[in-house]
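These are my notebook entries on one structure. I set down what I looked up, entry by entry.

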Amino acid sequence: MLDLVILQMANAGVIAATGDAAPDAWRRLVGHMLRSYAAPGAPIPALAEAPAPTALYRAMVRLTRTGSGAA
C-alpha cells in the first residue's frame, strides 16, 4: 500500500513540475509504471508520446525560477 502512495507522489511531482508546459507528461510516467509492474506475458500498453524537448526545457526553467525543484 505504501508503494502505491509513493507512485502517486511521483506522478503528482511530474504534474506539478510540467504544469502547462507539458500537461500530458504524466501519461508517459503512468505508462512506464504500468509496464514496469506488468506480469510476464501480459499485454503491455503503448507508451504515450514523449513531451517535446522544448516543453520539458520550459518546465525545468519554471521549476528553477519558482524554487520548486530544490531538494
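**Entry 1: Gly13**

I looked up Gly13 and found it in helix 1, which covers residues 2-18. Helices here are DSSP runs (H or I, at least four residues), numbered from the N terminus. I note that the model is predicted, that local features need pLDDT of at least 70 and side-chain atom pairs pLDDT 80 or more, and that totals for chains, interfaces and linings use all residues. Residues are numbered from 1 along each chain as its sequence is written, and side-chain values use heavy atoms, with hydrogens and water left out.

Gly13 counts as partly exposed because its relative accessibility is 37%. The classes are buried (under 20% relative accessible area), exposed (over 50%) and partly exposed (in between), with a 1.4 Å probe and protein chains only. I also checked Gly13 against Trp26: the two are 13 residues apart along the chain, and their C-alpha atoms are separated by 9.1 Å.

**Entry 2: helix 2**

I recorded 13 residues for helix 2. From first C-alpha to last, helix 2 reaches 19 Å, close to the expected 18 Å; the expected span is 1.5 Å times one less than the number of residues. Which residues of helix 2 are buried? I listed Ala25, Gly31 and Met33. Helix 1 is included in what covers these buried residues, where contact means heavy atoms within 4.5 Å.

**Entry 3: salt bridges**

I looked for salt bridges (a side-chain nitrogen of Lys or Arg within 4 Å of a carboxyl oxygen of Asp or Glu). The structure holds two. Side chains of opposite charge can pair when their charged atoms come close.

Asp20 pairs with Arg62, with 3.5 Å between the closest N and O atoms. This pair links distant parts of the chain, 42 residues apart: Asp20 lies in the loop between helix 1 and helix 2 (25-37), and Arg62 in helix 3. I classed Asp20 as exposed because its relative accessible area is 68%, whereas Arg62, at 29%, is partly exposed.

Asp24 and Arg27 also meet in a salt bridge, at 3.5 Å from N to O. Asp24 is partly exposed at 47% relative accessibility, and Arg27 is partly exposed at 45%.

**Entry 4: a surface patch**

I noted a nonpolar surface patch of about 330 Å², made by Leu56, Tyr57 and Met60. Patch residues have over 30% relative accessible area and no salt bridge; like charges are joined within 9 Å, and nonpolar side chains (Val, Leu, Ile, Met, Phe, Trp, Tyr) within 5 Å. Leu56 lies in helix 3, residues 53-66, and counts as partly exposed because its relative accessibility is 34%.

Conventions. Helix = DSSP H or I, 4+ residues; strand = E, 2+ residues; numbered from the N terminus. Areas by Shrake-Rupley, 256 points an atom, 1.4 Å probe, with all protein chains shown as cover.
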